[in-house]
Amino acid sequence: MAVLENIRKRTTVLILIIGLALFAFVISGVFTSSNFGGEKVGSSVAEINGEEISIDEFRQEVETAARRVGPNASSMQVVNQVWESKIRKAILGEQFEDLGIGIEQDQIVDFLRTTGYAQNPEFQNENGQFDPNIFRQTVADWKVNSPAQYEAWLQTENEIVQLAKEQTYFNLVKAGVGATLKEGELDYRLANDKMDIKYVRVPYSSIPDSTITVTKSEIADYVNDHKEEYKQEPARDLQYVFFSEKPSEADDLAIKEAITKLLDDTVEYNSQTDRNDTILGFRNTKDMVAFLDRNSDTKFDTIFKAKKDLPSTVADTLFSLGVGEIYGPYKDGGSYKISKMMARKPNGSVKASHILLAYTGATRANPDVTRTKEEAEEKAKELLREAKKSGVVFSELARDNSDGPSAPNGGDLGYFQEGVMVPKFNDFAFSNKVGAIGLVETDFGFHVIKIDDKQDIVQIATASREIEASEETINTLFTNATTFEMETVEDESAFSEVAKKNEYVVRPVNKIKALDENLPGLSNQRNIVQWAFSDDTKVGDVKRFSINNGYAVVQLTGTYEEGVMSTEDASVLVLPIIRKERKAAQIIAANKGKDMATIASDNGTAISNASALTVKSPTIPGAGSEPVVVGTACGMEEGAVSGLIQGNTGVFKIEIVKKTDAPKLDNYSVYANSLKTGATGRVNTAVYNALREAANVEDKRATFY
């Protein structure tokens, strides 16, 4: 009913949208667009080191991957996943070809032994072990009797071959990774040679930023000297106004009135009988199931519920109703509701704990359980007597003795209703009072049961109506969005002015990339990103987009081309660096030739001490991470005083109070092996990343997706 009502309400606005969309199609220049008719068959989605990847092949893999991952992943997530796989195969494939790395059938079988595929029961013998002969026969059978499964296996086999080749390639690289004993000794000393120092620090914060003047040309020169550090991808800046399809106050009131009218009986004229019929309302209906089917967005829930299972905001009120009493209308979430107490079951929910004593042969008994049935019964009777003693904590007995999965929770089974537990357990729980402790036998073993609590449960019928935007509200929203678009499309400076005049909120979105799909506040809006990166879209252009629950009127406000950042874009990153350098120069010039005490006195700071510093952990208490300062200290002799050192947080002058060399070891192989293990563990990622960085990859995904 609710769905049909939504379709009916939106008919008018849908007609308007379709009409305007057709009009927009005619005037938008699509007939003269260079992309009219779509890309050519056989176009490439990428070029990797001169080798093209066909868009047709790429799309087939995307479709296959989409079926495999299911609906939880967005289309771009699947595209990106396939993209990374294709890039990896292409880049590593060149290495495999150069080195002559190939995989034979026996190598595939050996590789399968080390993977999860070996756990496939279809590939195992009667002992549950992977059997190469059974594996080969199974694949052969698929080829003859199950072509679809065989085709799927061929894809899996290609992935296995790729993984096996990668393993072989990376193992070759790892074979060349090592560390000498001297390297091990150095690593040991860097971590264990200790230094105690005295230092004075003049922090950069002692000079206000406002006193340091940095010109645009200086920022430009810095960027020009560090081009590799300030590269940027193509990006766009947007701003948008979101017109949300939400109910108005009038819509809210109308829904409340509609749900209120359901309470009482109504009189309707029956043309077939030529008389008025009385239609029973929510209060008096004799068939609640049929009434809610006709009049509510939710059906009659016949399940009895405890208080904790009712909506938290009205749980106290609903639970206190008498049978037949009604509460409402009330708002819960995005709906108005009325509720009626249909029935109540006193003590209908029991909270119990138990100690399970299983035995060999009992249902679901752990294989580790070796006691006989007689031994289990004797132990259960012993625990029953113990549990009934004054001062004994039942939960502790359960934790120490129960064979059930609830043992770690002290045997607590939580609340349950009648019929959930096996009959004998159920009968004891619902036939005894809170606090009762007893013993019952079931197929699972012997249970020492304690009744912890009992609660009433209730059956409540609820009629609900979702608070939705009316047709009038939707039409007004469409009109407002369209009017705003028309008022701003001709004048790029009018966007903010018109929004301010109408009290619309303008939301900026900065530095979106060509393959982004999620926009803050709008979620997945790939079509907006594609529009922003279209060659036909210029800075200042405005376009309205229909999105879930409303419209977004978007303006392109900035473009960033691939290459080195502009002075303006880089200034936020470069300015702090230049300021720090200028401050360091000022501090060094003002304190050159002074001893530590004078520097401390002249700059309002103090001489501090730092103990047990190591090069591997170059943190100075009170100053933070200072690798340059600690590294300088490492190269100084005990008693020596440094010059002025430019650190991370300020300018330092240090004195070496004490140096403690780590004890010499007979052999540094442990540290050398540790270095080798660490380097070996980084091979797979580091080698691939290096190859990827060196590869010439032309990415054309944004053209097709």
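**Exercise 1. Find the residues that K373 touches, leaving out those up to four places away in sequence.**

Step 1. Apply the contact criterion: heavy atoms within 4.5 Å.
Step 2. Leave out residues up to four places away in sequence; K373 then touches Y359, E441 and F446.
Step 3. K373 is found in helix α13, residues 373-387. Helices are DSSP runs of H or I with at least four residues, strands are runs of E with at least two, and both are numbered from the N terminus.
Step 4. Classify its accessibility. K373 has a relative accessible area of 35% and is partly exposed. The cut-offs are under 20% for buried, over 50% for exposed and in between for partly exposed, with a 1.4 Å probe and protein chains only.
Step 5. Take a C-alpha distance. K373 and E325 are 48 residues apart along the chain, and their C-alpha atoms are separated by 53 Å.

A note on the model: it is predicted, local features need pLDDT of at least 70, side-chain atom pairs count only at pLDDT 80 or more, and totals for chains, interfaces and linings use all residues. Residues are numbered from 1 along each chain as its sequence is written, and side-chain values use heavy atoms, with hydrogens and water left out.

**Exercise 2. Describe the surroundings of L413.**

Step 1. Locate L413: it lies in strand β10, residues 412-417.
Step 2. Read its accessibility. The relative accessible area of L413 is 28%, so this residue is partly exposed.
Step 3. List its contacts. Not counting residues up to four places away in sequence, L413 touches A352, S353, H354, S406, M421 and F425.
Step 4. Check a C-alpha pair. L413 and K351 are 62 residues apart along the chain, with C-alpha atoms separated by 6.8 Å.

**Exercise 3. Decide how helices α9 and α19 are oriented, and which residues make their contact.**

Step 1. Two packed helices are described by the angle between their axes and the distance between the axes. Axes are lines fitted to C-alpha atoms, for helices over the stretch in contact, and angles run from 0 to 180 degrees between N-to-C directions.
Step 2. Read the values. Helix α9 (residues 216-225) packs against helix α19 (residues 567-591) at an angle of about 95°, and the axes are 9 Å apart.
Step 3. Assign the class. Under 35 degrees counts as roughly parallel, over 145 as roughly antiparallel, 65 to 115 as roughly perpendicular, and the rest as oblique. α9 and α19 are therefore roughly perpendicular to each other.
Step 4. Name the contact residues. α9 contributes K216, E218, I219, A220, Y222 and V223, while α19 contributes T567, E568, A570, S571, V574, L575, I577, I578, E581 and R582.
Step 5. Sort them by class. The contact of α9 with α19 has 9 nonpolar, 2 polar and 5 charged residues. Nonpolar covers Ala, Val, Leu, Ile, Met, Phe, Trp, Tyr, Cys and Pro; charged covers Asp, Glu, Lys and Arg; the others, Gly among them, are polar.

**Exercise 4. Repeat the helix analysis for α4 and α23.**

Step 1. Get the geometry. The axes of α4 (residues 75-99) and α23 (residues 683-694) come within 10 Å and cross at roughly 90°.
Step 2. Assign the class: α4 and α23 are therefore roughly perpendicular to each other.
Step 3. Name the contact residues. They are W83, E84, I87, R88, I91, L92 and Q95 of α4, with Y688, L691 and R692 of α23.
Step 4. Sort by class: the contact of α4 with α23 has 6 nonpolar, 1 polar and 3 charged residues.

**Exercise 5. Examine the backbone at P329, R364 and A612.**

Step 1. Check omega. The peptide bond from G328 to P329 is cis, with omega near 5°. P329 is in strand β8, residues 326-332.
Step 2. Check phi at R364. The value is near 60°, positive in a residue other than glycine. R364 lies in the loop between β9 (335-357) and α13. This residue is exposed, with a relative accessible area of 76%.
Step 3. Check phi at A612. A612 is not a glycine, yet its phi is positive, about 55°. A612 is in strand β19, residues 607-613, and counts as partly exposed at 43% relative accessibility.
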